[in-house]
Amino acid sequence: KKDKVSGACCQSPLHVRLLVPSWKNASQTSLKSKFFCQLRPSMTSSRSDLPTDVEFEPEFIAALHDIYEEKILFNQWMGLKVDSIKATGIVASLAMKPELVGHYAYHRIHGGVISAVLDAMGSLAVMAAMGAKHMDEPVAKRLERFTRHSTIDLRIDFLRPGIGEKFIVHAEAMRVGARVGNARMEFCSADGKLLSTGTAAYLTS
């Protein structure tokens, strides 16, 4: 779909638009200072098939924390912390450390770390949504689904340099089917500025 302001095509499911007052009259300085991102809900995804009023058992929440913070050793090495797990979405955080630097001159976080974090939290969002859809199953049975869970597609858009002491991640499942689940993710600065976005697909069976 053509963007009405810039004329650019929005290919990402997140439909991220870069807006400026006028392309013809904007100077290089004004382009840098007046660019901002506007996230619009996906036009093709629906959450109508996902429960929203589910309260997970403490043991289910604890097990997901253990999987994504400890048992996946790369997440442990990065220092990824899951702050909230709900059927409607995930909130996580990541503290900056020297080992995560991707550009030494600017002390900005490595793009591979951003990709790994968004992939992991998109996966967790789908796992939580799957758990919500199968509350009739025992906790152990729902957790067993992780053994068949893997990433089959991942797209990351780097919108701004990742510079800061702490980063916040949001992820939500957009659809969870019998074989494939889809998620979208956001990587933000501590003050809420959107730095990167992601969309992903995961096997669910």
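Tutor: Two strands count as paired if DSSP finds at least two bridges between them. Keep that in mind for this predicted model.

Student: Okay, what makes S7 and S10 a pair?

Tutor: Eight bridges join S7, residues 150–158, to S10, and the cut-off is at least two, so they pair. The two strands run antiparallel. For one spot to look at, take Arg155, whose bridge partner in S10 is Thr199.

Student: And how do you know that S9 pairs with S10?

Tutor: By the bridge count again: nine of them link S9 (residues 180–189) to S10, also in an antiparallel arrangement. With at least two needed, S9 and S10 therefore pair. Phe187 sits opposite Ser196 of S10. The hairpin of S9 and S10 has four residues between the strands, and there Gly192 has a positive phi near 95 degrees.

Student: Why is S10 called largely enclosed?

Tutor: Because nine of the 10 residues in S10, which covers 194–203, are buried.

Student: Why is Thr204 called buried?

Tutor: Thr204 is in the segment after S10. Its relative accessibility is 2%, and buried means under 20%, so Thr204 qualifies.

Key
Residues are numbered from 1 along each chain as its sequence is written. This is a predicted model: local features need pLDDT of at least 70, side-chain atom pairs count only at pLDDT 80 or more; totals for chains, interfaces and linings use all residues. Side-chain values use heavy atoms; hydrogens and water are left out. Buried means under 20% relative accessible area, exposed over 50%, partly exposed in between (1.4 Å probe, protein chains only).
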